Structure formats: C-alpha cells, structure tokens
Amino acid sequence: MLLRTLIILSFLPFYSIMAQQTHGYVGVETCGMCHKTEKQGNQLSIWKGSKHSKAFLSLQTEKADQVAKEKGFTTKAADTPECLKCHVSGYNIDKSLVGEKFKMEDGVQCETCHGPGSDYKSNKIMKDKQEAVKNGLKLYEKPEEFCMGCHNAESPTYTGFVFAEMWDKIKHPLPKK
C-alpha cells in the first residue's frame, strides 16, 4: 500500500503539468458569431434568455451581498471567489489565456461548459467533432454530473436541482439535418 501511494505521489507533478490550462477563452461574442443562426439551433438566443447569461449580474445585488455576508465573507458577492467560481466563466485563470472579446460580466457562458474555445473556434475545426475535442471542446456523456458541480447544496441559495427540468431550459442541440 505504501509503495502504491509513493508511486502515485511521484506522478502527481506530471499530472498537474498535463492538467494545466493551455486553451484560451474567447468569450460568448466570438462563439455567438456562428452559433446565432436558426441553422445552428439559435444557441446564442437560448443562452441570452437563460439565467446563465445573468449569473454574474445576480451577484451584483444587495440580496447577493447579504447572502455573502451571512456566509461570513467580508467582500461583496461579485468579489467573492466562492461565488465567482460558479457565476462566471474563466474565473481565476491565467490572464494570458483571456482573449480581447472575453468578458467575465457575461456570466456563465459557452466556455464554462464547452471549454476554452481559442483552439477549436474556427469553422474548419468545428466541422470535425474529433478535431474540435482534440483542440479543447468539451462534450459530456452525462452533463448532469458537470452541472451539479455548481448546482448543489454548497450553494447558499440551493433549493434542489432537477436536471431534466433545468436541461429543458438550457439545452441547445444542433437541429437534425
């Protein structure tokens, strides 16, 4: 058992380096250039009409600041790391990975779920699903597991999470041809 633990620990630095972010964030404006048409399933409109697009704004309220204070934080909700981690895309990443059009104020945007898009944003790459995934696109067999990373009892405003019900509000598949 000790030997196994030592072997695992010896590989941790390697795994840490491999896990480091290398793809940059381009922002919803860049994604929306292609994902706004009916042909693409009006994905941008679906996001704009969702609570995800307003997630950061929800932290800029007196109510959010009160919740943060009640949880023992000394900063406003919009400045509290424990709040930001679920209310904005690209929070707490190396600034060199943030593109010109990326705005934290856009809340939970495309790249929160689909991964930083700098290396898969081109139409040429997006047309090849395997190539897009190789370049950072994230797809999920069980999206509910990803969603529950934020929609869980750790959130002070959590009242339960029925994935199927919430998925119906945010899903945005490509129309079948």
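The model is a predicted one, in which local features need pLDDT of at least 70 and side-chain atom pairs count only at pLDDT 80 or more, while totals for chains, interfaces and linings use all residues. Residues are numbered from 1 along each chain as its sequence is written, and side-chain values use heavy atoms, with hydrogens and water left out.

With a disulfide taken as a pair of cysteine sulfur atoms within 2.5 Å, a search of the whole structure gives one. This disulfide joins C86 to C150, with an S to S distance of 2.2 Å. The torsion about the S-S bond of C86 and C150 is about -90°, so the disulfide is left-handed. C86 belongs to helix 6 and C150 to the loop between helix 10 and helix 11, so the pair ties together parts that are 64 residues apart in sequence. Helices here are DSSP runs of H or I with at least four residues, numbered from the N terminus. C86 has a relative accessible area of 22% and is partly exposed, as is C150 at 30%; the scale calls a residue buried under 20% relative accessible area, exposed over 50% and partly exposed in between, for a 1.4 Å probe and protein chains only. C110, by contrast, is in no disulfide, and the nearest cysteine sulfur, that of C31, is 4.0 Å away. C110 counts as partly exposed at 23% relative accessibility. For C147, the closest cysteine sulfur is in C113, and the 6.1 Å between them is too far for a bond. C147 counts as buried, at 18% relative accessibility.

Charged side chains supply further links. Side chains of opposite charge can pair when their charged atoms come close. Five salt bridges are found in the whole structure, each being a side-chain nitrogen of Lys or Arg within 4 Å of a carboxyl oxygen of Asp or Glu. One of them is between K85 and E154, whose closest N and O atoms are 2.4 Å apart. K85 is in helix 6 and E154 in the loop between helix 10 (143-147) and helix 11, so this pair ties together parts 69 residues apart in sequence. Here K85 is partly exposed, with a relative accessible area of 42%, whereas E154 is exposed at 54%. Another salt bridge brings together the side chains of K103 and E29, at 3.8 Å from N to O. That pair links distant parts of the chain, with K103 in the loop between helix 6 and helix 7 (110-114) and E29 in helix 2 (residues 28-32), 74 residues apart. Both partners are partly exposed, K103 at 39% relative accessibility and E29 with a relative accessible area of 40%. K171 and D168 also meet in a salt bridge, at 3.1 Å from N to O. Of these two, K171 is partly exposed at 36% and D168 is exposed at 53%.

Beyond its neighbours within four places in sequence, F56 is in contact with A78, L84, H87, V88, M104, E105 and G107, contact meaning heavy atoms within 4.5 Å.

The aromatic pairs number four, where rings of Phe, Tyr and Trp (its six-membered ring) pair if their centres lie within 6.5 Å, and planes under 30 degrees apart count as stacked, over 60 as edge-to-face and the rest as tilted. F163 and W167 form a stacked pair, 5.3 Å centre to centre with 25° between the planes. Both lie in helix 11 (residues 163-170), four residues apart, about one turn of the helix.

Finally, S53 sits in the loop between helix 3 (43-48) and helix 4 (55-58) and counts as buried at 11% relative accessibility. A polar atom of the S53 side chain lies 2.9 Å from the backbone oxygen of S50, and the S53 side chain also reaches the backbone oxygen of W47 at 3.4 Å.

Note on methods
Helix = DSSP H or I, 4+ residues; strand = E, 2+ residues; numbered from the N terminus. Polar contact = N/O pair within 3.5 Å; in protein donor to acceptor, adjacent residues only side chain to side chain.
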